[in-house]
Each structure stands twice: as C-alpha cells, then as structure tokens.
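Colleague: Could you take me through this structure step by step? I would like to begin with the overall picture and then turn to details.

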Amino acid sequence: MSSRRSRSRQSSSSRITDEQINDLVSKLQALLPEAGIRSNERVSAASVLQDTCNYIRSLHQEANDLSERLSELLATTDASSAQAAIIRSLLM
Amino acid sequence: MAISNSEGDSAAKERERKRKRSAEVGPSPSKWRTVSERTLYSSKLLEALRRVRGTAPADPPRSRAVREAADRVLAVAARGRTRWSRAILSSRALKLKPRKRRPAGPARSKKPLAGAAEMKRSPVLQRKARVLGRLVPGCRKLSFPTILEEASDYIPALEMQVRVMSALAAMLSSSGAGAPLSDRLGSSQPF
C-alpha cells in the first residue's frame, strides 16, 4: 500500500479506525449551531453529516446575501468616509 | 496554539498526527475565532473590496465578484494548510478549468477496505459524505475522514467570513447615513 498509485485516496483511509471516525464526527458535531443543546445525546453520524451540509449551505447563503448587500453599499458609499470609519474601528 | 485533542495519547492518535504532518489538517477551529484573525481578515477584505469597486463599477454580477473576493481572502488566510483553501485559490487562477470526469471509475470510492470503519461503508453515510464533499471546495473526490477534517476547518472559517462581512456591511451602511461613527463602531459587538 505504499506505492504512489494507491496513495491518492485510499491508503490514508485504510488504517482509519472506528474511533477516529467517531472522533471526527463528534468534532464536527461540536461545531454545529446546536452543539450545546445536543452535546449529551448520541446523535447518529448521518444526522451530523446532514446537519453539517445544511449549516454550510446556510452559511453560503448568508455570504451571498452579504455580498449583494456589500456590493450595493460599495456603490453608494463615499469611499473616503467609509475607509476612515473602518480604519478607525480597526485601530480601536 | 495547542491542538485540541492533545489528551489521550493513544498509538492510533500518534499515527494520525504523523500522517497529518503532511498538512492534511490545518489550524484548529479556534484559530478562526480569534480577534486578531478577524481583524486581519477585515482589513484584507476591505482592500480586496476596494479593488472590486474600482475595477468593476457597473458590473451586474458585482455581488458575485464580492463573494469571490471574500472567498479568496479567506483562502489566503488559511495559509495553504487546508485543501478547501488551496482549491479556492487554484480555481480562481484557472477560471475556465473544465470539470474532469472521474478518473479511475466510480467503484473506487465504494471498495471495502480491510480495517476500515464499518460506519464508512453505510450507503447512507457515503451519500451524505459525497454531498458534503461537494459543498466544501475541492473535496469532491476525497476520502470520508478527509472530508470530515476539511469541513471541520471550513465551517469556522465560513463563520468568521460571515461575521466580518456583516460587520463591514453594518459599518458601511452607518457611515453612509452619516451617523456618529465612533459610538456606533465602539458598541458593535463581535458575536
């Protein structure tokens, strides 16, 4: 299993144990928005993955909405006052 | 910054860490949550947005340009340690990169492996992992555990991106209205 050919996807996962998978899944679960509420439950890996997908999609959506808003604001805002304001806030 | 799972030094974890040496897993999630990271991202994003504003003033998909700039600056902030960030940066460079067909046949991802986790072979999990792999940049063809690792870093990075973009939008909209800025900015809470 040390040849380069098989390194691309499978060789690094051939020694992955259940414990490591569980560890990764629980780390992911801890990042999700309801982690505090559900931390003591045994949640299935499938629902963690599902929630992760949903959460990433909602973050993408937020980012897109913010991008639209920012592009409008950039068009209408006076550049120098905006820059001054933001620089001031970063230095605070 | 201490890595989060330093307790429990089992041999398996040692092996995992040695494999991770090759930059498979980058910074811990908490790195994205520091004030310094947010501040750095804010200023870099602002520079990038000023460029977007300058080069494409009447561009209809300017919101697309803003999103791409935000993603690119986020990917740079990752300092090359994660696949998703490298994928973002390389796909920007090659905008017309064609989608390659699956190289060695679809059966590879479902081949049962000696010693592989039982969980991985469940078709439900495989399917959900594939969906997740499509959501995280550059993770379409990666193994199940790698996708989980990449997602674990991508999520806090995205959260920081959204947080900073919201703050910037709030600041720009308040400065446009001419409100007293120092009060407003001083009271804005990093959430």
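The conversation below concerns this predicted model.

Colleague: How many helices and strands does chain B have?

Modeller: Chain B has 8 helices and 0 strands. Its elements follow the pattern α-α-α-α-α-α-α-α along the sequence.

Colleague: And what does chain A contain?

Modeller: Chain A comes to 4 helices and 0 strands. From the N terminus on, they run α-α-α-α.

Colleague: What about contacts in chain B between residues at least 6 apart in sequence?

Modeller: Of those contacts, 60% join residues at least 24 apart.

Colleague: Let us turn to the largest nonpolar core. Which residues touch the most other members?

Modeller: They are L28(A), W84(B) and L132(B), in a core of 59 residues. Chain A gives two or more residues to this core from each of α1 (18-31) and α3 (45-76). In chain B, the elements that do so are α2 (35-55), α3 (62-77), α4 (83-93), α6 (123-135) and α7 (144-177).

Colleague: Which element gives the largest share?

Modeller: That is α7(B), with 16 residues. As general background, nonpolar side chains tend to be buried together in soluble globular proteins.

Colleague: What does L28(A) touch, leaving out residues up to four places away in sequence?

Modeller: Within chain A, L28(A) touches V48(A), L49(A) and T52(A). Across in chain B, L28(A) touches L132(B), L148(B), A151(B), S152(B) and I155(B).

Colleague: New topic: how many aromatic pairs are there over all chains?

Modeller: The count is 2. In one of them, the ring centres of W32(B) and W84(B) are 6.2 Å apart and the planes stand at 45°, so this pair is tilted.

Colleague: Where do these two residues lie in the chain?

Modeller: W32(B) lies in the loop between α1 (11-20) and α2 of chain B, whereas W84(B) belongs to helix α4 of chain B. The two are 52 residues apart, and their pair links distant parts of the chain.

Colleague: Is W32(B) buried or exposed?

Modeller: W32(B) is buried, because its relative accessible area is 0%. W84(B) is also at 0% relative accessibility and therefore counts as buried.

Colleague: Which residues do the ring pairs link into a cluster?

Modeller: The cluster consists of W32(B), W84(B) and Y154(B).

Colleague: Now the helices: at what angle do α2(B) and α3(B) pack?

Modeller: The angle is about 140°, and the axes are 9 Å apart. The crossing of α2(B) past α3(B) is right-handed.

Colleague: Which residues meet there?

Modeller: From α2(B), the residues include E37(B), Y41(B), K44(B) and L45(B). Those they meet in α3(B) include R62(B), A65(B), V66(B) and A69(B).

Colleague: One last point: what is the phi of R79(B)?

Modeller: The phi of R79(B) is near 60°, a positive value in a residue other than glycine. Most residues other than glycine have a negative phi.

Colleague: Where does R79(B) lie, and is R79(B) buried or partly exposed?

Modeller: R79(B) lies in the loop between α3 and α4 of chain B.

Definitions and conventions:
Residues numbered from 1 in each chain as written. Chains lettered and ligands numbered in written order. Predicted model: local features only at pLDDT ≥ 70, side-chain atom pairs only at ≥ 80, totals over all residues. Heavy atoms only, no water. Core = buried A, V, L, I, M, F, W, Y, C linked by side-chain atoms within 4.5 Å. Buried < 20%, exposed > 50% of the residue type's maximum accessible area, 1.4 Å probe, protein only. Contact = heavy atoms within 4.5 Å. Phe/Tyr/Trp six-rings, centres within 6.5 Å; stacked < 30°, edge-to-face > 60°. Axes fitted to C-alpha atoms, helices over the stretch in contact; angles between N-to-C directions. Left-handed = near helix turned anticlockwise from the far one by under 90°.
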